[in-house]
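Work through the exercises below with the sequence and the model open. Try each task before reading its solution.

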Amino acid sequence: MRKVAVVTGTRAEYGVLKNTMREIISDEELELQLIVTGTHLSENFGYTAYEIEKDGFSIDEKLHILMDSNSAANTAKEMGIAMMEFSGAFARLLPDIVLIVGDRYEIFAAAAAAMAMNIPIAHISGGEITEGAMDEQIRHAITKLSHIHFPGVEIYAENIRNMGEESWRVFN
């Protein structure tokens, strides 16, 4: 059985991942390992981990990384904390692949930890453009760390291929 570690840090990512998580559970050859972090675990953002559990999903790891401050220095610290937390979670769970969505800094930390631990990464929503935002730099870095790409539309798939990613790894 192959273990798929799915990482979610926000309500928006969870919305994208929910149906895929259900498909993983229904596949006899796959085991879902759910890692929840970021705003899901913050009372300031409604502690949305409860919604995930209400939907019937078991959470394998809850990684608390938020310092509840919006400063750039604290964001950098949160990224470091997140890398340490993800490396511990991956060491405990031993996933065969990590599935991530988007461009948030906690997702970058998950990708960086998985890359350092030689765990393949599947990335949803790469290749998008958000000029002038830190999100774009993070998204493109995640794309380069990832092994399998699931962009939303063909133009984003082309952007990923133009970044040097092999066509056989890109699934629109």
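Contact here means heavy atoms within 4.5 Å. This is a predicted model: local features need pLDDT of at least 70, side-chain atom pairs count only at pLDDT 80 or more, and totals for chains, interfaces and linings use all residues. Residues are numbered from 1 along each chain as its sequence is written, and side-chain values use heavy atoms, with hydrogens and water left out.

**Exercise 1. Describe the chain as a whole.**

Step 1. Residues 24 or more positions apart account for 59% of them.

Step 2. List the elements. There are 6 helices and 6 strands. Helices (H or I, at least four residues) and strands (E, at least two) are DSSP runs, numbered from the N terminus. Their order from the N terminus is β-α-β-α-β-α-β-α-β-α-β-α.

Step 3. Check the dimensions. The C-alpha atoms fill a box of roughly 45 × 40 × 25 Å along the principal axes. The radius of gyration is taken over C-alpha atoms, and the globule rule is 2.2 Å times the number of residues to the power 0.38. For 172 residues, a compact globule would have a value near 16 Å; the chain has 15 Å, which agrees.

Step 4. Get the buried share. Buried means under 20% relative accessible area, exposed over 50%, partly exposed in between (1.4 Å probe, protein chains only). Of the 172 residues, 46% are buried.

**Exercise 2. Describe how α4 and α5 cross.**

Step 1. Find the angle. The axes of α4 (residues 105–116) and α5 (residues 134–145) come within 10 Å and cross at roughly 20°. Axes are lines fitted to C-alpha atoms, for helices over the stretch in contact, and angles run from 0 to 180 degrees between N-to-C directions.

Step 2. Name the arrangement. α4 and α5 are therefore roughly parallel to each other (angles under 35 degrees).

Step 3. List the contact residues. α4 supplies Y105, I107, F108, A111, A112 and M115, and α5 supplies I138, A141, I142 and L145.

Note on methods: Angles under 35 degrees count as roughly parallel, over 145 as roughly antiparallel, 65 to 115 as roughly perpendicular and the rest as oblique.
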